[in-house]
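Subject: Structure for you to look at

Hi,

Here is the structure I promised to pass on. Please open it next to this note and follow along.

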Amino acid sequence: RRSPNPKHLLAFTMGTAAMERLARRRERRPATIGSSVGIISALCFLCAFPTCAVGLTATRSPPSTLLARPSPFSTWQSSHYRRPPRSLRSSSETRLHGSNGGNNSFDISKPTFDLLSFRLIRSDALLRYNSLNQSEPLRINLYLLATVTLLGYPLWCESVTGDVAAPVSVVGSTLSGVGCAALFWRERTRRSNQLNRMEKELNAERLEVRVPVNAAISSARPTARLRDLRSKRRILAIRGTGEQFSAGLVWDTLCVLRRRLVQSQTLVVLVPTDGSRKEDWGWDENQLGSNALWLADPLNVDGQGGWISYFSELLGNEADDGGGENNDDELAWFALNFKGRSIASGLGEAPRLLELLGQQLQPMEFLDDTDEAALSENVEARQILECQKKFYSVLTDSSDENQMQQIFTTELAEEVDEVLDGGGRIDGWEKCLEPGARPEGMVISGSDVFIASDTLAYSTCIEFPPNAGIDGATLLAVQRWGRETTGEGQWKLKLHQTIPWSVGSRAGGTLRCDCRGCVALARAQDNRTFGGLIG
């Protein structure tokens, strides 16, 4: 036998002594080392679990019913086992059973527990969030890692570095840990708000409507869920009572801009809470026809998972966030784009449809300056169209302020006063009609009229500025007309409002005019917020 190497004996002796010293240190400080190990283990789990849990939720497969087969390595008796031919295997070997009865599909909307939000969240909402936000989860985990590491510095400092933490280092690490904790909470709150908005959008997909169709093609109106209308229609849903629809500006505004809603492929869904019908709101078949292509009928209004239930869910969440009471009697609305995502919502006030059209509901096809006006047999409608032509004739070809004053009524418009009260400036007609300031050469097309009453009417048209081109900027204009007496009274212009409205571009502002002149409103910079009913 060979004698042991002296170098090996020396290394073995030194290693034994080091292990004995380490054991004595562990005996003297069991709590410190145990706490450090526990903190590090918990930290690794917390940082790894949210991402892993989300990934498993989106990709996991439901339990399989594969037939059990004996393994050839489990027992000697199965050494002659042969796999049966593919044609003889049961079809249940490869069938995946989901929550919908085992039809080889998986319910991705099934709620799953989210650790950061600490509540159940739809799996498809988590999947959408992860696909749209690649860096946010990593940033949240890094802030959490930094928070736990810095706040636990006094516990692991001596175990890792061998030195006791100095008071200055403890204070600095504590302050830094508090700052990282604040950043972590901010990012976590933003993530929760985004997930909450996505859940509300996905919950709206189950709502059902009866879709209007062209009566010349078919008399049957098919039913569809909002999920089926994705990439086909935009949605504007308004909930309220019949009195709120008829007494306010909701019904009149929708009827005035009905042609523009069709051009923007927007479906309006009016959800009455009192069982009223469109005939109660002021439906006029002579003006609107028997089948409006912009108005869809809601289905399952009062049932479970229906429209009223969905609005109550939105209002309930809104009240919980604000600490107030549920406002089930107030007017509420929301709008969805082609992708089914929220673009606008409101509570207590009717939607400003003209601004909404300019900002979010642009036309889907290029507008043509040869579109004819919607002629009507109504004498009053023809009178309003003539007054509209006279107004544009003075606006584009004349510099005489008196001619414009003859077209307008002396009544002041509330929309113009709203801008002036907010600090806006008004330009009188003497400046608006100066050469170089007035829109010379501008033409209009696609005019239509809606008569709300004997003393109130509206007209719309599309404005084509000179040298706009086939794909150039076009504007949507709305005029409000009134007269003092019925019958033989002359129609006078109360308000003229125009907003850019063309394919693929958002309006940068709007113009409002009355007898005094015109005021301009510019669009404020969009901030990424999560307010309103959906967000």
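Which residues in α4 meet which residues in α6? Keep in mind that this is a predicted model. On the α4 side they are Arg 139, Ile 140, Tyr 143, Leu 144, Ala 146, Thr 147, Leu 150 and Leu 151. Their partners in α6 include Ser 173, Gly 177, Phe 184, Glu 187 and Arg 191. The residues of this contact divide into 11 nonpolar, five polar and four charged.

Now the geometry. Helix α4 covers residues 136-151, and helix α6 covers residues 167-203. Their axes come within 8 Å and cross at roughly 155°. Angles over 145 degrees count as roughly antiparallel, so that is how α4 and α6 run relative to each other. The crossing is left-handed.

Next, the salt bridges. The whole structure has 25 of them.

- Asp 114 pairs with Arg 191, with the closest N and O atoms 2.8 Å apart. Asp 114 is in strand β1 and Arg 191 in helix α6, 77 residues apart. Asp 114 is buried at 3% relative accessibility, and Arg 191 is buried at 4%.
- Glu 187 pairs with Arg 190 at 3.8 Å, N to O. Both lie in α6, about one turn of the helix apart. Glu 187 is buried at 5%, but Arg 190 is partly exposed at 42%.
- Arg 352 pairs with Glu 418, with the closest N and O atoms 2.9 Å apart. They are 66 residues apart in the chain. Arg 352 is partly exposed at 45%, and Glu 418 is partly exposed at 39%.

One last item. Salt bridges also link Glu 136, Arg 139, Arg 186, Glu 187 and Arg 190 in a network.

Best wishes

Note on methods. Residues are numbered from 1 along each chain as its sequence is written. This is a predicted model: local features need pLDDT of at least 70, side-chain atom pairs count only at pLDDT 80 or more; totals for chains, interfaces and linings use all residues. Side-chain values use heavy atoms; hydrogens and water are left out. Axes are lines fitted to C-alpha atoms, for helices over the stretch in contact, and angles run from 0 to 180 degrees between N-to-C directions. Helices (H or I, at least four residues) and strands (E, at least two) are DSSP runs, numbered from the N terminus. Angles under 35 degrees count as roughly parallel, over 145 as roughly antiparallel, 65 to 115 as roughly perpendicular and the rest as oblique. A crossing is left-handed if the near helix is turned anticlockwise from the far one by less than a right angle, and right-handed if clockwise. Contact means heavy atoms within 4.5 Å. Ala, Val, Leu, Ile, Met, Phe, Trp, Tyr, Cys and Pro count as nonpolar, Asp, Glu, Lys and Arg as charged, and the others, Gly among them, as polar. A salt bridge is a side-chain nitrogen of Lys or Arg within 4 Å of a carboxyl oxygen of Asp or Glu. Buried means under 20% relative accessible area, exposed over 50%, partly exposed in between (1.4 Å probe, protein chains only).
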